[in-house]
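Welcome, and please have your viewer ready. We will go from one selection to the next and look at what is there.

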Amino acid sequence: ERFVTPLYQHLMHAARPTLGFVGIPLAVPCPIPFFECQAAFLAEQWAKPDAALHGAEATARRQAWVAAMRDAVGSRDQDLHYTSTSARGPGTTSAWAYMRELLRATHATRPVDEAGDCWLERPSWEARLATVEAVYADRGARYPKLPWEDDAYRRCEYTVDWASGTWSVDASRC
């Protein structure tokens, strides 16, 4: 069998929250930002005090999430590793929505140090993720309709201004 269960948010063991698995989900559109979001979420969870991480309320919340996912996928536990499962709720049926969900949860409770600074706060993550998603969608729109058609989309060169969130593609190469 090729699956790990029960995983809260596809990465943290529901009963043993200090056990995490970044990169488990299947059908990941852009692995690097996907894994960054997972790692940030896991780091934020692990930065919580022991009582908040191992408490009955937190454990119940994780187990309820896993139960909802199990109800959505039925008897095929390996399908728990797809982020597009409809159990995620309205507006959360894609890997991109999953990544945004993790970032929102990460930024919802920021661990603050003695100076009042947050080691995880990166306000540009959401904007950067939106830019990556837009470039990914453009590349996907350029896929050939049939496998034997020209695969010019592979030669596209993108230029991205991360500060403004804008991008362009050199269409002469596509």
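**First stop: a hairpin**

Select β3 and β4, which form a hairpin with 4 residues between them; in the turn, Gly165 has a positive phi of about 80 degrees. Strands here are DSSP runs (E, at least two residues), as helices are (H or I, at least four), numbered from the N terminus. β3 covers residues 158–161 and β4 residues 166–169, and they pair in the antiparallel sense over 4 bridges; pairing requires that DSSP finds at least two bridges between the strands. Pick Val160 and you will find its bridge partner, Trp167, in β4.

A word on what you are viewing: this is a predicted model, where local features need pLDDT of at least 70 and side-chain atom pairs count only at pLDDT 80 or more, while totals for chains, interfaces and linings use all residues. Residues are numbered from 1 along each chain as its sequence is written, and side-chain values use heavy atoms, with hydrogens and water left out.

**Second stop: the disulfide**

Now show Cys156 and Cys174, joined by a disulfide with an S to S distance of 1.9 Å (the cut-off is sulfur atoms within 2.5 Å). The pair links distant parts of the chain, 18 residues apart: Cys156 sits in the loop between α5 and β3, and Cys174 in the segment after β4. The structure holds 1 disulfide.

Select α1 (residues 31–46) and α5 (residues 124–141), which pack at about 155 degrees with axes 11 Å apart. Axes are lines fitted to C-alpha atoms over the stretch in contact, and angles run from 0 to 180 degrees between N-to-C directions. α1 and α5 are therefore roughly antiparallel (angles over 145 degrees). Show side chains: Pro33, Glu36, Cys37 and Ala40 of α1 meet Trp125, Arg128, Leu129 and Val132 of α5, contact being heavy atoms within 4.5 Å. The residues of this contact divide into 6 nonpolar, no polar and 2 charged.

**Last stop: the start of the chain**

Which peptide bond is cis, with omega near 0 degrees? Select Thr5 and Pro6 to see the bond from one to the other. Pro6 lies in the segment before β1 (7–8). Finish at Gln9, in the loop between β1 and β2 (12–13); phi of Gln9 is near 55 degrees, a positive value in a residue other than glycine.

Notes
Angles under 35 degrees count as roughly parallel, over 145 as roughly antiparallel, 65 to 115 as roughly perpendicular and the rest as oblique. Ala, Val, Leu, Ile, Met, Phe, Trp, Tyr, Cys and Pro count as nonpolar, Asp, Glu, Lys and Arg as charged, and the others, Gly among them, as polar.
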